[in-house]
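Please look at the sequence and the structure shown here, and keep both in view while you read the paragraphs that follow.

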Amino acid sequence: MSKLSADVPAGSPSARRSIGAYTSILELAVPVGGYLVLAALLALRHADRLNPDGVCYLRLGEYFAAGDWRNGFSLYWSPLFPLVIAGFSKLGVDGLEAAHLVLAIGGAALICATFFLLRLTTRTTMGVRILLLVAAVPAIAEFQLFVVAPDVLLSVILITALAMTWYAAAREKRGAFVLAGALFGLGYWAKAYALPFGLVAIAVSIWWLRRRASRSWRAPLGLALGGFALTAAPLVILLSSLNGGFTIGKSGPINHAVVGPNDILRTHPVVFGVPTPPHVTIWETPDQLPYAYWSPFASRSYFDHQVAIAARNSIEASKTLAGLDVAGLGLGSLIVGLILVGIRREANRDAVTATVWLAGLLGLYLGGYLLVAFEPRYVQSFALPVLLCTAALLASRLVIRPPMAWLVAAAVAASLSAAWIPRVNDHLRSRASPYLREVARELRAMGFQGPFAATSWYHGVALAYFSGQPHVGFPPDADPAVDATRLREAGVDWLVVFDLATYPAMPVQDLYPPTIPRALEILANEGWTMRREFVVSMNGQESHIVAFQRPAPSR
């Protein structure tokens, strides 16, 4: 009969706790300390970094901070991130700065969660663990900086839940099973995807880990599912009441809708629309937009299209995993570990158990994303800790040959560092300009009032956040006369032209005719007045932001 290892030093219970605590602090001091320094340096240069999704989380945070729970809870945007932002906002921290602070803390927490998973599931030395964690610091610093979104927070919760699940299975702690389930349920508050993943992950994990240890799995599964229900059920009930019927959220159906067959336009219908108060953009309420939902079972062609999406996303997911380090050694260590499991009987039963378990959970996590719109950030911060563990597990199989174990760990660490240090260096040399915050402040002083239109949807959403005024986007019609009529009907009296040297990718707006020529024709035909021109330097190139006001109010 085999028992799973929890890697606890020998001796009395109190001695083990004391030694374990001191050892953990020592192991974490270097990677966490290095991360905090790096995160602080990046924050000084990128505190104004903002994306459209981030605007929505910040707005939800404002609603929560103001006690507006009805608008704070969304059927699309998950509530945990904005709730934590709201807590910092109540302390007087600026909303955007609070978001970056939450993500920075999340990065440190992800290092700690990865450490505990490493220590519990592998028999590597302290030096190997420190080496791998230090190598992960630049990547995790980039994850938390890349976009204002809850992906890092979700990964912290899920990796901690995995560590707690292993610990519970190894130590026969009933409370630990409940806590592990509760952590998976808490992940649902961070992102709706964690609900189906958490349910399956709990069942698979407890069945596999307990079966490998020749122990009963049914009672522990019941405890874990009970913990899961304690944290997940309240949000399911709340969202279902808002929806008027059972739901776990609308993000899954919407992200599936936008990858539908091209027989009709199925993109996010956000380029033009008047938000309802107190919202400043219709992107805050995507669950209320007219998406073209579809089912792969509606026809054979639709089914084939779904298969093609899954195949394409499988390739992209594989590239994402391999791209976490320069040589793809993290993914390679997982593949080699599974091959070794298949071709020989391992004396280290725990290593086999952990390798198969982690590989299965990573595959499960990726599987749900294969059917919908996929972005690398969805999986990077979850996959990296898992692949670090599989690399450590591979090294632990060579523990009888210490030089080989160190060689494996050093190769993975070097490959990981080589992938992310150049990106960190680029961000340390660049700066996210606060120009939109400054533009909004000056426009407000001039009486700027929404709803306003903007030629760049991406920048218009950010300007709406900083100004607090509603943004309608820009009509997608090719005829400027039709666009002018729709702007007038929407009550638009301000139009902001973003004539920029460079633009971020805007796949939604780019499906329609260029906005600036149509906007300029409207401005000329209707005699709009230029109220202010801002000249901004972007990547060493000059860009212009020009605000125009209608000569007579449209309302």
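**Inside and along the chain**

The structure, which is a predicted model, holds 6 cavities of 30 Å³ or more. Here a cavity is, on a 1 Å grid over the protein atoms alone, a set of points where a 1.4 Å probe fits but cannot get out; grid points are joined across faces, edges and corners, and a volume is the space filled by probe spheres set on the points. The largest cavity contains about 90 Å³ of space. Its lining, meaning residues that have an atom within 4 Å of a point, includes Leu103, Phe143, Gln144, Arg377 and Ser381. Helices α6 (126–146), α7 (151–171) and α15 (377–396) each supply at least two residues of this lining, where helices are DSSP runs of H or I with at least four residues, strands are runs of E with at least two, and both are numbered from the N terminus. Sorted by class, the lining of the largest cavity has 6 nonpolar, 3 polar and 2 charged residues, with Ala, Val, Leu, Ile, Met, Phe, Trp, Tyr, Cys and Pro counted as nonpolar, Asp, Glu, Lys and Arg as charged, and the others, Gly among them, as polar.

As to the rules behind these values, residues are numbered from 1 along each chain as its sequence is written, and side-chain values use heavy atoms, with hydrogens and water left out. Local features in this predicted model need a pLDDT of at least 70 and side-chain atom pairs count only at pLDDT 80 or more, while totals for chains, interfaces and linings use all residues.

Confidence is lowest in helix α1 (residues 13–46), with a mean of 81, and highest in strand β1 (residues 452–454), at 98. Over residues 5–11 the pLDDT is below 50, and this stretch has 17 contacts in the model beyond near neighbours in sequence, a contact being heavy atoms within 4.5 Å. Where pLDDT is low, the predicted coordinates should not be read in detail.

Two residues can now be placed in their surroundings. Ser251 belongs to helix α11 (residues 251–257) and is buried, with a relative accessible area of 16%; buried means under 20%, exposed over 50%, and partly exposed in between, using a 1.4 Å probe and protein chains only. Not counting residues up to four places away in sequence, Ser251 touches Leu75, Tyr76 and Ala192. Ala373, by contrast, sits in the loop between α14 (349–369) and α15 and is partly exposed at 21%. Ala373 and Asn313 are 60 residues apart in sequence, yet their C-alpha atoms are 8.3 Å apart in space.

Some features of the backbone also deserve attention. The peptide bond from Pro277 to Pro278 is cis, with omega near 5 degrees, and Pro278 lies in the loop between α11 and α12 (300–322). The peptide bond from Gly450 to Pro451 is cis as well, with omega near 5 degrees. Glu172, although not a glycine, has a positive phi of about 60 degrees.

Methods. pLDDT is the predictor's confidence in each residue, from 0 to 100. On a 1 Å grid over the protein atoms alone, a cavity is a set of points where a 1.4 Å probe fits but cannot get out, and a pocket is an open set with protein on both sides within 12 Å along at least five of seven lines; lining residues have an atom within 4 Å of a point.
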